[in-house]
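Hi,

Here is the structure I promised to hand over. Please have a look, and then read my notes below.

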Amino acid sequence: MTYVVTESCIRCKYMDCVEVCPVDCFYAGENMLVIHPDECIDCGVCEPECPAQAIVPDSDGQAAAWLELNRTYAQQWPNLARKEPPPADADAWNGVAGKKAMFSPKPHGGSTPDSET
Ligand code: SF4
Ligand code: SF4
C-alpha cells in the first residue's frame, strides 16, 4: 500500500506534504512531487495537507494511472523533506483539469519553466 501523487500537483507544487511525512518519501521534479511507493508507510497524514487534493491512496480510482510515474521519478528526482516557496502562479493552476500534458520529467532545483529561455 502506498499513497500516490496525481495530476492535480502539476504546477501547484505547494510542498505542504513534505513537511508532514514521517519517513521523508517525497521526491521533487520541476513542476510536481511524487511519493516513493516502497518507502511510503501508508500513514495517510499527507493526504489532507495537500491544498490541491493531489494525494490519493492507491485504492483510489485515480491512483493506477499515476503509480508507475511516482515509482519511476522517485528513483530519479531528489528527495525533498522541507517546504520551499511554491511557484508564484500555483493558485492559478489549482483545480485546472488536463495538466498531465504539462508534466516535466526534469528534477527539482533547476531553472523554473518561466525562467527558461
Ligand atoms: S502539497 Fe499537494 S500540490 Fe503540493 S507538492 Fe504536495 S502533492 Fe503537490
Ligand atoms: S502516506 Fe504517510 S508515509 Fe506515505 S507519503 Fe504520505 S505522509 Fe509520507
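Which residues does leucine 33 touch, not counting those up to four places away in sequence? The model is predicted, and in it leucine 33 touches Val5, Cys9, Lys13, Met15, Cys17, Phe26, Tyr27, Ala28 and Leu80.

In soluble globular proteins, nonpolar side chains tend to be buried together.

Overall fold

The protein chain has three helices and four strands. Their order from the N terminus is β-α-β-β-β-α-α. The radius of gyration is 13 Å, close to the 13 Å from the globule rule for 117 residues, so the chain is as compact as a globular protein of that length. Along the principal axes, the C-alpha atoms fill a box of roughly 40 × 25 × 25 Å. Of the 117 residues, 34% count as buried. Take the contacts between residues at least 6 apart in sequence: 81% of them join residues at least 24 apart.

Alanine 28

Alanine 28 lies in strand β2 (residues 26-28). Alanine 28 counts as buried because 22 C-beta neighbours fall inside 10 Å. Neighbours within four places in sequence aside, alanine 28 is in contact with Leu33, Trp77, Pro78, Leu80 and His108. Lysine 83 is 55 residues from alanine 28 in sequence, and the C-alpha to C-alpha separation is 11 Å.

Helix α2

Which residues of α2 are buried? They are Trp66, Asn70, Tyr73 and Ala74. These four sit on the same side of α2, because they cover an arc of only 95° around the axis. An α-helix has 3.6 residues a turn, so residues three or four places apart point the same way. The cover over the buried residues of α2 includes β1, β2 and β3. The face turned away from the buried side carries the exposed residues Ala64, Glu68 and Thr72.

The two ligands

Ligand 1 is surrounded by 13 residues. The closest are Cys9, Tyr14, Cys17, Cys50 and Ala52. The shell around ligand 1 divides into eleven nonpolar, no polar and two charged residues.

Ligand 2 is surrounded by 13 residues. Here the closest are Tyr3, Cys21, Cys40, Cys43 and Cys46. The shell around ligand 2 divides into eleven nonpolar, one polar and one charged.

Backbone points to check

Two residues other than glycine come up here. Arginine 11 has a positive phi, near 70°. Arginine 11 is placed in the loop between β1 and α1. Is arginine 11 buried or exposed? Arginine 11 counts as buried, because it has 23 C-beta neighbours inside 10 Å.

Glutamine 53 also has a positive phi, near 50°. Glutamine 53 lies in the loop between β3 and β4 (55-57). Glutamine 53 is partly exposed, with 14 other C-beta atoms within 10 Å.

Best wishes

Notes
Residues are numbered from 1 along each chain as its sequence is written. Chains are lettered from A and ligands numbered from 1 in the order in which they are written. This is a predicted model: local features need pLDDT of at least 70, side-chain atom pairs count only at pLDDT 80 or more; totals for chains, interfaces and linings use all residues. A residue is near a molecule or strand if its C-beta atom, placed from the backbone, lies within 6 Å of it. Ala, Val, Leu, Ile, Met, Phe, Trp, Tyr, Cys and Pro count as nonpolar, Asp, Glu, Lys and Arg as charged, and the others, Gly among them, as polar. A residue is buried if 20 or more other C-beta atoms lie within 10 Å of its own, exposed if 12 or fewer, and partly exposed in between; C-beta atoms are placed from the backbone. Two residues are in contact if their C-beta atoms, placed from the backbone, lie within 7 Å. The arc is that of the directions from the helix axis to the C-beta atoms. The radius of gyration is taken over C-alpha atoms; the globule rule is 2.2 Å times the number of residues to the power 0.38.
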